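The report below looks at a few local features of one model. Please keep the sequence and the coordinates at hand while reading.

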Amino acid sequence: MTILPNLPARLALPAALALALAVPLAAVAAMPEPMAAMHCEHHPELPACGPAKTLPDTTNAPAASAPAVVELADGAFYVMRAAPVTKTINGTPLRLFAYNGSVPGPLLKVRQGTQVTIGFENAIDQPSTIHWHGLRVDYREDGTPGIGQPAIPPGSRAFYRLRFPDEGMYWYHPHVREDYQQDAGLYGNVWVLPADSAAYAPVAQEIPLLLDDILIENGAQVPWGRVHADYAIMGRYGNVRLVNGETAQQFTAKTGDRVRLYLTNAANVRNFRLKLPGQKLRVVGSDGGRTERETLVDTLLLGPSERAIVEIQFPRAGSFALYDDTPADRVKLASFEVSGDAPADAADPALRDNPLMSSDLERLQAAVAAEPKFQLTMDVRFGGPGGGAHAGHGTAAAPSTPPPAPAAPAAPSLPKPITLPDPHAGHG
Ligand SMILES: [Cu+2]
């Protein structure tokens with residue numbers, strides 16, 4: 001990743017505005033101006049330096065557009081700009097962040113085995129990055145501050161050189177203040193089409209469904225912590241579920257059609273429990289593309305950041321719906337209006353194996369069965385507010401007590417445990 005500190009003129013304005021807004025006039029009046037600015041730079045959480053909660057500054061911001069589908073050929077260059085937008089959901093006007101003006105951001109379609117370069121322009125009022133969730137990219141291109149690169153300051157640009165060794169559905173989001181920036185709309189899918197065009201079974205439609213939620217109370221958007229995450233780890237639950245940035249999606253299909261859904265959970269903490277009443281879901285892929293064996297399930301649990309590729313079939317005409325079916329409620333995510341006579345041969349095809357993945361797993365069996373050569377003890381600590389910036393994905397709660405001392409080696413013949421004091425819990 002390459003950072004360019006020189007600011008294009010159209011990016012300099014939001015950065016200057018952000019700096020001006022961070023220090024209220026009252027605080028500036030109370031002390032010499034340079035001292036006030038320095039004070040708030042080091043202690044931005046002080047009440048004099050701004051309100052506790054914030055929303056994206058959408059002064060002069062455009063209304064969000066519909067997400068674009070962007071096909072990138074091998075060697076392509078594409079610019080993604082993070083900036084504030086407005087968007088109305090359930091009649092509530094919202095102040096959000098967007099990549100290239102849409103929530104979610106553009107769906108990037110690439111082919112397995114290719115490489116592209118993404119230019120990132122940070123036009124929000126916070127440092128940010130683009131993290132390429134699940135893609136096997138060079139760690140320096142992965143948008144993770146403190147590991148491979150610094151965060152990109154407001155008004156700056158960076159380049160990410162991406163390669164796509166694996167097919168499947170992946171996604172992108174900032175790795176700075178995910179509790180705020182990602183929750184406020186900075187996320188989108190990267191769809192890596194398989195080099196082998198026969199990798200997946202033929203279907204009538206392929207539909208990406210990018211799941212999220214947002215918190216709206218008493219007809220108003222609930223702000224986020226201005227300086228630090230005000231919820232542990234990755235953020236908070238929303239109470240309005242979103243599919244591709246809207247409250248529900250409608251599709252049409254023909255009787256007997258098989259449809260492949262590419263699901264991504266971009267919610268900060270919500271698990272989705274997917275159910276198509278009366279029908280099985282055929283799981284054909286997960287986080288890393290095709291699974292080694294297809295399975296049939298009645299419900300599918302999808303944790304934050306997880307992906308699943310499922311096929312459904314409509315045996316008759318009528319209305320079908322995909323729900324988030326939880327113990328607390330049941331919310332329709334997508335509806336399918338199915339019409340037409342049943343075709344002569346609508347039999348469910350046999351569950352398929354994926355020999356490529358199976359042979360990989362067989363090679364690993366020997367390593368899994370072997371005696372361990374090393375024992376690695378991971379010691380995870382969370383350091384109070386702001387932990388979200390470096391915390392990993394997942395649903396584990398922050399520990400309320402200090403972690404126990406590293407465990408003793410399981411067998412005396414093993415080498416001394418290696419303790420990593422600051423592991424920056426991560427994800428694939
Ligand atoms: Cu991620």
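## Basis

Contact here means heavy atoms within 4.5 Å. The model is predicted, so that local features need pLDDT of at least 70 and side-chain atom pairs count only at pLDDT 80 or more, while totals for chains, interfaces and linings use all residues. Residues are numbered from 1 along each chain as its sequence is written, and side-chain values use heavy atoms, with hydrogens and water left out.

## Surroundings of Lys87

Lys87 touches Ala64, Thr92, Pro93, Leu94, Leu96, Val103, Gly245 and Glu246, residues up to four places away in sequence not being counted. Lys87 belongs to strand S4, residues 77–89 (strands are DSSP runs of E, at least two residues, numbered from the N terminus). With a relative accessible area of 10%, Lys87 is buried (buried means under 20%, exposed over 50%, and partly exposed in between, with a 1.4 Å probe and protein chains only).

The side chain of Lys87 makes a polar contact with the side chain of Glu246 at 3.5 Å, and a polar atom of the Lys87 side chain lies 3.1 Å from the backbone oxygen of Gly245. A polar contact is a pair of N or O atoms within 3.5 Å; within protein, one must be able to donate a hydrogen and the other to accept it, and residues adjacent in sequence count only if both atoms are side-chain atoms.

## The disulfide

The structure holds 1 disulfide (a pair of cysteine sulfur atoms within 2.5 Å), formed by Cys40 and Cys49 with their sulfur atoms 2.0 Å apart. Both cysteines, Cys40 and Cys49, are buried, and the disulfide is left-handed because the torsion about the S-S bond is about -80°.

Terms used: Helix = DSSP H or I, 4+ residues; strand = E, 2+ residues; numbered from the N terminus.
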